[in-house]
Amino acid sequence: MTDRTKLIGLALGLWLALEILAFAFVLRSVGLLVAILLGLGTTALGLSDVKRLMGVWRERGKLRPDGTMLDGALQAFASFLLILPGFASDVAGLALKSPSVRMAAMNRIRNRGEAEQKAEGPQTIDLDPREWKHLTPSGRPKRKRKKPDGASPTVR
């Protein structure tokens, strides 16, 4: 098993444990019948929102670079979280339904992509021979040594 597979398995296991704890909390707070009705209600809300989003996407029909595609994808993900059984995913889905939370998530996604591009840096650096030095493995500049026959010095 690779590390990535283990990480995904751990994340799914933690998500399942969180869902069980959230259900137990809601069950203890409001009772079994109300907890079941709340679960069914959030699933119906998610399904109705998917239907609404499909209609909006059919009307637009074109990709736009102004971020509406990412906003729509986050709304669809929020609807998916609402459809899943469990109250922890419902809370996350309802939070993503808020425009301010979606904007914060979109900014974070965009900034992560820009940071990766900036960290990469330039591919080629063109320096004049006077603008750089050879360094030893310890980080000190290498000393120039003169050739015995009076030729130009070489760097070692």
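What follows is a short walk through the helices of this predicted model and the contacts between them. Residue numbers start from 1 along each chain as its sequence is written, and side-chain values rest on heavy atoms, with hydrogens and water left out. Because the model is predicted, local features need pLDDT of at least 70 and side-chain atom pairs count only at pLDDT 80 or more, while totals for chains, interfaces and linings use all residues.

Starting with the overall picture, the protein has five helices and two strands, where helices (H or I, at least four residues) and strands (E, at least two) are DSSP runs numbered from the N terminus. Read from the N terminus, the elements go α-α-α-α-α-β-β. Of the 156 residues, 16% are buried; buried here means under 20% relative accessible area, exposed means over 50%, and partly exposed is in between, using a 1.4 Å probe and protein chains only. Contact means heavy atoms within 4.5 Å. Among contacts in the protein with a separation of 6 or more, 45% come from residues 24 or more positions apart.

Helix 1 takes up residues 3-30, and its 28 residues should span 40 Å at 1.5 Å a residue; the end C-alpha atoms are 40 Å apart, so the two agree. The expected span is 1.5 Å times one less than the number of residues. Glu19, Ala22 and Val26 are the buried residues in helix 1. Just after helix 1 comes Gly31, with a positive phi of about 100°. Next up, helix 2 covers residues 32-60 and holds Ala44, which counts as partly exposed because its relative accessibility is 41%. The C-alpha atoms of Ala44 and Ile83 are 7.2 Å apart, although 39 residues separate the two along the chain.

Helix 1 also meets helix 4: their axes come within 7 Å and cross at roughly 95°. Axes are lines fitted to C-alpha atoms, for helices over the stretch in contact, and angles run from 0 to 180 degrees between N-to-C directions. The pair is therefore roughly perpendicular. Trp15, Leu18, Glu19, Ala22, Phe23 and Val26 of helix 1 make this contact with Phe87, Ala88 and Ser89 of helix 4. Sorted by class, that is seven nonpolar residues, one polar and one charged. For these classes, Ala, Val, Leu, Ile, Met, Phe, Trp, Tyr, Cys and Pro are nonpolar, Asp, Glu, Lys and Arg are charged, and the others, Gly among them, are polar.

Helix 3 (residues 68-83) and helix 4 (residues 87-97) have axes that come within 7 Å and cross at roughly 155°. These two are therefore roughly antiparallel; the cut-offs are under 35 degrees for roughly parallel, over 145 for roughly antiparallel, 65 to 115 for roughly perpendicular, and oblique for the rest. On the helix 3 side, Leu74, Gln75, Phe77, Ala78, Ser79, Leu81 and Leu82 meet Ser89, Asp90, Ala92, Gly93, Leu94, Leu96 and Lys97 of helix 4. This contact holds eight nonpolar, four polar and two charged residues. Buried in helix 3 are Asp71, Gly72, Leu74, Gln75, Ala78, Ser79, Leu81 and Leu82.

Last, a closer look at Ser89, which sits in helix 4. Ser89 is buried because its relative accessibility is 2%. Leaving aside residues up to four places away in sequence, Ser89 touches Trp15, Glu19, Leu81 and Leu84.
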